[in-house]
Amino acid sequence: MRVLCVAEKPSIAKAISQILSGGQFAATNTRNKYIKNYEFDYPQTQSFFTVTAVSGHLTAHDFYETHRKWHACDAFDLFDAPVETKVPPDNKDIENNLMTQARRAQVLMIWTDCDREGEHIGMEIAKVCRKANATIRIKRARFSAIIAQQIHNAAQHPVELDKRQADAVEARIMLDLKVGAAFTRLQTLILQGKIPQIADEKNVVSYGPCQFPTLGFVVQRYSLVKNFVPESFWYIYLSLTRPSPSQGTAEETKFNWKRNHLFDEVVVANLYDRMGNSLAVVTKVTNKTTKKWKPLPLTTVELQKAGSRLLKLAPKKVLDVAEKLYQQGFVSYPRTETDEFDKDFDHMGLIAKQTVDPSWGAFATSLQQGGYNSPRKGKNNDKAHPPIHPTAHAGNLAGDEKRVYEYITRRYLACCSKDAEGWQTTVDVVCGGEEFSATGVCLVVKERNYLNVYIYDKWTGHTVPDFQEGEEFQPTLCEIRQGETSRPNYLTEADLVTLMDKNGIGTDATIAQHIQTIIDRDYVIERMEGATKYLVPSTLGIGLIEGYNQIGLVKNVSKPQMRRETERKMVQVCEGTVSKNDMLIEGLNQYKEMFVIVRREFQRVTSVCDFFC
DNA sequence: GCAAGGTC
């Protein structure tokens with residue numbers, strides 16, 4: 001029996017071939033320079049296997065000629081316009097390879113990633129193969145990691161493709177295309193010539209169900225900063241300065257007021273007066289060990305946040321660099337939501353590969369000699385890819401590649417280490433009826449553990465001198481002090497990634513692209529302040545969001561709710577409680593309703609843009 | 001000239 005296996009990407013085709021054939025396969029090139037066909041015997045099922053791949057989605061979607069030109073129809077008509085699904089020219093070689101191979105095979109086994117998009121890509125592959133071979137039997141291999149035992153199991157016990165998941169994706173594709181195109185044409189055609197920024201025909205004022213909520217977050221923070229009014233507060237400052245027993249130098253211990261601070265000066269003054277000239281009494285001294293937790297296994301979103309915050313690289317850039325490292329075989333697949341390792345994961349094998357490194361090799365060795373501790377388990381598992389980790393030692397990297405590889409490796413070794421341990425002392429005192437406390441973390445951390453390799457975390461603290469319970473002292477300072485609430489900062493890229501992730505805007509693989517899009521469209525400008533990059537909306541970006549806000553729809557195009565509903569609907573289609581068609585019609589109706597109102601009230605957007613631009 | 005989602 002001949003079995004044709006098709007993976008979502010070339011790297012997976014290669015990996016499963018290696019496992020299933022035990023390394024004994026013949027590889028032939030295809031007309032696509034990235035894709036190879038691997039052939040070998042698989043005696044376990046008395047089959048001859050051909051393993052190949054696609055490169056993500058096979059088909060593209062667009063309107064037919066009648067609706068493709070911007071002036072060919074009214075923008076509203078796009079909601080009900082038919083959509084053409086076809087294999088674009090770039091993918092023709094891939095399609096031809098699939099068809100040639102399908103003609104020779106009796107069984108097609110789909111090996112795409114086990115997520116919604118993978119199921120849809122599987123359907124695309126199945127359609128192409130059935131076109132070439134109407135009687136081919138279609139099966140689906142289920143696996144959650146590239147581990148030998150799992151891959152063999154998937155090959156020997158295939159299941160069926162899940163049509164529901166593919167349907168959910170199909171509905172999302174249609175919805176996004178229609179909504180995006182309709183609103184983009186509406187915005188662009190009205191604003192063109194009205195405001196100077198988009199006088200040029202090339203300047204599209206794009207709308208997308210992900211890019212607009214993303215812009216919304218940036219503008220929301222901007223408004224918060226702009227409208228900020230500092231507020232005064234008052235608090236009681238209490239401290240004791242006395243020689244430290246060890247060094248003999250004077251040392252000030254600050255005690256924090258339990259009430260923190262109050263916004264009413266009179267109330268603070270009254271409390272202060274009541275204290276009079278009282279002595280402070282130590283009511284309690286607590287000494288306990290405390291831990292600083294090692295980091296969680298690394299996901300794409302976390303890598304992007306760390307890249308932006310620690311390495312000063314844009315989220316898109318970090319992902320591009322990680323992708324390159326992946327292609328060179330230095331790190332695992334960099335697009336993953338998973339922050340827990342499989343229980344059978346071979347950590348010792350990976351740690352051994354890092355022992356030769358001049359910077360962290362000694363640390364890796366220490367893990368082999370008893371320092372190893374199982375990584376923490378996070379709450380996310382996409383059942384397709386493990387957390388990002390180094391797969392080989394890379395000694396000859398330079399520049400950003402070196403820095404990203406170093407981060408991934410140090411993070412991984414930190415995950416396999418132990419939490420850092422230290423001492424924490426808390427001293428509670430009462431003075432004239434008011435409570436205060438001082439907390440200190442021992443500067444000499446008991447066990448640094450993971451901190452030795454994860455140089456991005458610092459654990460510094462101040463010590464608290466010895467105090468005895470019941471001890472009384474005259475405070476050196478006891479006075480009312482005034483402070484002010486401080487202005488919030490503009491959003492950083494890391495903040496924005498967090499917000500998008502929390503609100504379900506985009507996926508691990510696309511979040512960085514959406515941020516790039518709103519920068520490319522001139523909705524948002526990057527502004528450096530010191531070493532930190534902030535995202536500030538442009539006048540156009542502010543105008544668009546403020547304009548839509550003035551139209552006053554509850555479910556605004558700039559808010560995350562609409563996208564969240566699309567996500568929820570997709571889950572329902574996957575569960576079988578809603579059909580693909582119902583999801584699409586319901587979604588289209590919602591956006592159509594909004595479109596009518598937005599078009600009627602669009603002069604509000606125009607005038608706000610005018611005002612700002 | 002439009003989207004978001006895969007991937008190279």
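1. The strands β2 and β3 (residues 36-42) are paired antiparallel over four bridges, and a hairpin of six residues connects β2 to β3. Strands here are DSSP runs of E with at least two residues, helices are runs of H or I with at least four residues, and both are numbered from the N terminus. Two strands are called paired if DSSP finds at least two bridges between them.

2. A word on conventions, since this is a predicted model: local features need pLDDT of at least 70 and side-chain atom pairs count only at pLDDT 80 or more, while totals for chains, interfaces and linings use all residues. Residues are numbered from 1 along each chain as its sequence is written, chains are lettered from A and ligands numbered from 1 in the order in which they are written, and side-chain values use heavy atoms, with hydrogens and water left out.

3. Now the sheet around that hairpin. Its six strands are ordered β2-β3-β4-β1-β7-β8, and this open sheet has mixed pairing. At the edges stand β2 (26-29) and β8 (137-140), each pairing on one side only. On average, neighbouring strands are turned by 25° against each other, direction ignored. Helix α3 (residues 92-104) packs on this sheet and touches β1 (2-7), β3 and β4 (47-53), with its direction at about 160° to that of β1. Contact means heavy atoms within 4.5 Å; axes are lines fitted to C-alpha atoms, for helices over the stretch in contact, and angles run from 0 to 180 degrees between N-to-C directions.

4. On annotation, an unreviewed UniProt entry lists residues 2-144 as "domain: Toprim". Such annotations may be inferred rather than shown by experiment; the positions follow the numbering used here, and feature names are shortened. In the model, that span is 32% helix and 29% strand, and its end C-alpha atoms lie 25 Å apart.

5. Sugar and phosphate make up 62% of the DNA strand B atoms that come within 4 Å of the protein. The surface divides into 13 nonpolar, 18 polar and 13 charged residues, where Ala, Val, Leu, Ile, Met, Phe, Trp, Tyr, Cys and Pro count as nonpolar, Asp, Glu, Lys and Arg as charged, and the others, Gly among them, as polar.

6. Some atom pairs at DNA strand B are worth a look. For Gln211, a backbone N or O atom is 2.9 Å from a phosphate oxygen. The elements giving two or more residues to this surface are β5 (60-63), α6 (163-191), α10 (315-327) and α15 (511-520), and α6 provides the largest share, nine residues.

7. Finally, a second open sheet has three strands in the order β16-β18-β17, with antiparallel pairing. Since β16 (491-492) and β17 (524-529) each have a single partner strand, one side of each is left without a neighbour in the sheet. Six bridges link β17 with β18 (residues 532-537), and Arg527 is opposite Tyr534 of β18. Helix α7 (residues 211-226) lies across β16, β17 and β18, at about 95° to β18.

How values were computed
Near = heavy atom within 4 Å. Polar contact = N/O pair within 3.5 Å; in protein donor to acceptor, adjacent residues only side chain to side chain.
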